[in-house]
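User: I am new to this structure and would like to learn how to read its features one at a time. Could you take me through them with care?

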Amino acid sequence: MVTSDAEIAGRTQTEEIPFWRDPTKRAIVYQVVALAVVFAVGYYIFSNTQTNLRRQSIATGFGFLDREAGFAIGESLINYSAADTYARALLVGVLNTVSVAFIGIVLTIFLGILVGVARLSTNWLVSRLAGGYIEVLQNIPVLLQLFFWYSIFHDALPSPRQSFNPAAGVFINNRGFYFPIPASHPAYLWVGVALAAALLVTVLLRRWARIRQDKTGKIFPIWSVCSGLFVVLPFIAWIAGGAPTAMNVPHLQGFNFEGGVSFSPEFAALLLGLVLYTSAFVAEIVRAGIQAVSYGQTEAAMSLGLRSNLVLTLIILPQALRVIIPPLTSQMLNLTKNSSLAVAIGFPDFVSVANTTINQTGQAIEGVVLIMVVYLFFSLVTSAYMNWYNKKKALVER
Amino acid sequence: MEDSAGLTKTADLKPPVTNVGVIGWLKQNLFNSPLNSLLTLFILFCLYKTIPPFVQWAFLKSVWYTDGTQCKLADGACWSVVTKNVRFILFGFYPYEQQWRPAVALILLIGFLLYTRERRHWNRRLIIAWPVGLAVMGLIMHGGFFGLPVVETTKWSGICLTLLLSIFGLTVAYPLGVVLALGRQSRLPAIKTLSVVYIELIRGVPLISLLFMASVMFPLFLPEGITIDKILRAQVAIILFTAAYIAEVVRGGLQAISRGQYEAAESLGLDYYLKMRLIILPQALKIVIPPTVSILISAFKDTSLVVIIGLFDLLKTTQVTLSNPEWTGFSAEAYLFISLLYFAGCFSMSNFSRRLENELQT
């Protein structure tokens, strides 16, 4: 028997596909089930937590932030005393984390580039030393490195009365590192203004130089002029302000030093550990980035008659940076996240302050949530910035 | 033909003496430009200034098998802090007379690792042997048979805890990570969103915040009366953390598989599960073996963070030793010793991963 077209059409219309064979319906079922499981687990945890909190009579919410903290913090960028609120204590912690992360990132990038370039050196000794540096520091847990440096600072450095005095006004002891700074004077305000002015002029000059180069092909010596500006303008401001030379030198007062600037052994150990550990990874990234640019690029640039510094800045670096930046971002984020290990050696970073807060108030959930939110914020901001930079540097294809 | 004849002729000529041998090597590798010569001399000077004092401290003037009071009189390193406490540093609170058991388990583990290093040993039997081997190690340490007294996991400390947390953590995190990676690549929006949120959330926060969560929040999550011990809680945190990183590594592998493979599998009529199990995952997971070893290395290093929530891993047992008044002040020696242990573990793993990367590059 021959099936007619009408019959086939009729069958496809009437014969429904069972829903477990229909991909679209099945997809909906899967997703509903997944969401239901997640919500069920979430609700289970939530209700258990509610019951437990009620049983232990722990108040929920962030009301505790307005209460008096009652603990002192050793290092702070803003005024803080034990009588201030928890919110302010946590802010001190955030600022400490930010300062460690910022200084750490800057130092790490410098050291990482240095070691990465050294790894590629034609000098056997230099490249082997760099290789040893990378292998050793990458393969030891960062926390162990922090403990190691902290114990060195703590055990090996003398007490304040027998401080090392490597240069006039510089004192090193197991309470911290003390440096002299210029005593405050209105002239320094003008120096700051001059620096800002130099920065502004640099930005404008760079834009003008680029437009001129696009139009006429003439290259303006932007680097030398701008670095000159950065030296000369503040110097003129300093002279005009009366050329103050008074220094605020640290001096022994009772059992400890006062005056000057100082940072603690905890801060030094944290910074040193983080920078050494992360720079080993950055060095590997830099090495890989430079190796990713084929030697033909250098040869082509040289055959165009470019000088060797221009070969580096115009040809090699722009291409190498494209390879380097994405993994570099994640290393910078790692450094920021690893700065939370400060809690182990007693530097008052955000996690450390939050931990003290949790222990004092019993507000475990709020404390942990705050820690997570703050670090998520750092992560998102850094990756947003790096994505923007990456997009700017990325290969523009036709 | 003429070219090759010419080549053999030039090959007969001996190179100048200054280009071969020790002098040639020195000239090429250490003194090939004025700047490099200066650098070489500078580094040699620095090494001369640092290496001999270090050797003096670490070997010539060091003491090895004394007690703490004699150590304080010594000029050099006090390695006694390691030799006298090595069993506590390695095995922690595991009962002293029973410490041969973790030692046996450790040797078994090292044997397994050495055997697995060779790629020609990789087969189906090895995949079964691993869980069995790990279970045997666990049983030896836990005891309760053949007259071996039971040692609760709360007593497992030192290197056993470090290895337990990292190896068990990775074993459980691996399947979870694969599922998350598949979820992230899924076409179903709800599942994709859940996976992305989980992965990014975990990767955005430090491990220490998860460990805090495990130690202070997990007890609140459970119904009244149920408690889980501290080690297990930390283990859960490590698993949740590692899974997110594995997921990203596996995603890289999944993205590296060409579309043709997916389409070919679909055109054969394989459903999603079969397509993934038979076609995609075997290829993707093979690509990501080297980065997975890197994850194992970081997991191994990251377990040291459990010190902060008060578990007695290798680092903590060392600190306990150092807090003994007899041995305070010798932290450099003790930390150098465990650095060496960590370094040996991580360095051999990373070498293995590098070798594998070369071998798998076909």
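User: Is A190(B) buried, exposed or partly exposed, and why?

Analyst: This is a predicted model, in which local features need pLDDT of at least 70, side-chain atom pairs count only at pLDDT 80 or more, and totals for chains, interfaces and linings use all residues. Residues are numbered from 1 along each chain as its sequence is written, while chains are lettered from A and ligands numbered from 1 in the order in which they are written. A residue is buried if 20 or more other C-beta atoms, placed from the backbone, lie within 10 Å of its own, exposed if 12 or fewer do, and partly exposed in between. A190(B) is partly exposed because 18 other C-beta atoms lie within 10 Å.

User: Where does A190(B) sit, and with which residues is A190(B) in contact?

Analyst: Helices are DSSP runs (H or I, at least four residues) numbered from the N terminus, and A190(B) belongs to α10 of chain B, residues 189-204. Two residues are in contact if their C-beta atoms, placed from the backbone, lie within 7 Å; neighbours within four places in sequence aside, A190(B) is in contact with Q31(A), A34(A) and L35(A).

User: How many residues does the contact take from chain A and from chain B?

Analyst: Chain A gives 48 residues and chain B gives 42 residues. On the side of chain A that touches chain B, the largest share, 13 residues, comes from α2(A).

Methods: Helices (H or I, at least four residues) and strands (E, at least two) are DSSP runs, numbered from the N terminus.
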